[in-house]
Amino acid sequence: MAYLSRREHSRQELRRKLSAWCDDPAAIEAVLDDLVREHWQSDQRYAQAYAHRVAARQGTQRILGALRQQGLADEQLADLKDGLRASEAERAHVVWHRKFGQPPADPREYARQYRFMAGRGFSVDCIRRLLDSRGAVNPDDPAADDEQD
């Protein structure tokens with residue numbers, strides 16, 4: 001109960017923490033089942049709380065990857081995934097603006113900004129739309145080579 005009173009935990013996370021106190025996996029599963037039955041633990045609530053906590057800094061792919069590592073199935077994440085994708089462009093713009101604030105002037109800077117945004121878990125399409133809409137020089141665009149000559 002002390003773990004759950006501080007923040008939401010996934011079932012897998014609670015199982016790992018409780019295994020330090022009990023050697024019987026069946027007893028741990030029974031306790032976890034009781035917590036779920038009493039609505040004290042919910043993987044759905046955990047996913048929502050986690051996404052809310054990190055969405056301002058991370059992209060959809062990174063958030064969903066972290067939740068999958070916590071043992072949540074894709075079926076449990078379907079609604080969350082739709083909501084995150086709907087707001088991804090706006091969240092990407094905020095992250096990009098906070099870090100860079102100006103469009104990349106050359107292909108090297110474009111690649112640097114692209115890598116940063118990709119590392120944060122934003123989708124390829126979202127990053128390209130973001131950087132290209134800022135008047136950036138796209139290194140994949142053949143016209144960019146003409147402009148540099």
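Reader: I am new to this structure. Is Tyr114 buried or exposed?

Author: Tyr114 counts as buried, because its relative accessibility is 18% and the cut-off for buried is under 20%. Please keep in mind that this is a predicted model.

Reader: Where is Tyr114 placed?

Author: Tyr114 is in helix H7.

Reader: And which residues does Tyr114 touch?

Author: Leaving aside residues up to four places away in sequence, Tyr114 touches Val124, Ile127, Arg128 and Leu131.

Reader: Let me ask about rings. How many aromatic pairs are found in the whole structure?

Author: The search finds 3 aromatic pairs. One of them is formed by Tyr110 and Tyr114, which are stacked, with 6.4 Å centre to centre and 20 degrees between the planes.

Reader: Why is that pair called stacked?

Author: The planes of Tyr110 and Tyr114 are 20 degrees apart, and planes under 30 degrees apart count as stacked.

Reader: How are Tyr110 and Tyr114 separated along helix H7?

Author: They are 4 residues apart in H7, which covers residues 107-119, so about one helical turn separates them.

Reader: What about Tyr110, buried or exposed?

Author: Tyr110 is buried, with a relative accessible area of 3%.

Reader: Changing topic: how do helix H6 and helix H8 pack?

Author: H6 (residues 74-99) and H8 (residues 124-133) pack at an angle of about 55 degrees, and their axes are 10 Å apart. That angle makes H6 oblique to H8.

Reader: Is the crossing of H6 and H8 left-handed or right-handed?

Author: The crossing of these two helices is right-handed.

Reader: Which residues make the contact?

Author: From H6 there are Glu88, Ala89, Ala92, His93 and Trp96, and from H8 there are Cys126, Leu130 and Leu131. By class, the contact of H6 with H8 has 6 nonpolar residues, 1 polar and 1 charged. Leu131 of H8, listed in this contact, is also one of the residues touched by Tyr114.

Reader: One more residue, please. Where does Leu84 lie, and is Leu84 buried or exposed?

Author: Leu84 lies in helix H6. With 6% relative accessibility, Leu84 counts as buried.

Reader: What does Leu84 touch?

Author: Not counting residues up to four places away in sequence, Leu84 touches Ala51, Ala55, Thr60, Ile63, Leu64 and Arg91.

Reader: And how are Leu84 and Gly59 separated?

Author: Leu84 and Gly59 are 25 residues apart along the chain, and 8.0 Å separates their C-alpha atoms.

Key:
Residues numbered from 1 in each chain as written. Predicted model: local features only at pLDDT ≥ 70, side-chain atom pairs only at ≥ 80, totals over all residues. Heavy atoms only, no water. Phe/Tyr/Trp six-rings, centres within 6.5 Å; stacked < 30°, edge-to-face > 60°. Buried < 20%, exposed > 50% of the residue type's maximum accessible area, 1.4 Å probe, protein only. Axes fitted to C-alpha atoms, helices over the stretch in contact; angles between N-to-C directions. Parallel < 35°, antiparallel > 145°, perpendicular 65-115°, else oblique. Left-handed = near helix turned anticlockwise from the far one by under 90°. Contact = heavy atoms within 4.5 Å. Nonpolar A, V, L, I, M, F, W, Y, C, P; charged D, E, K, R; others polar.
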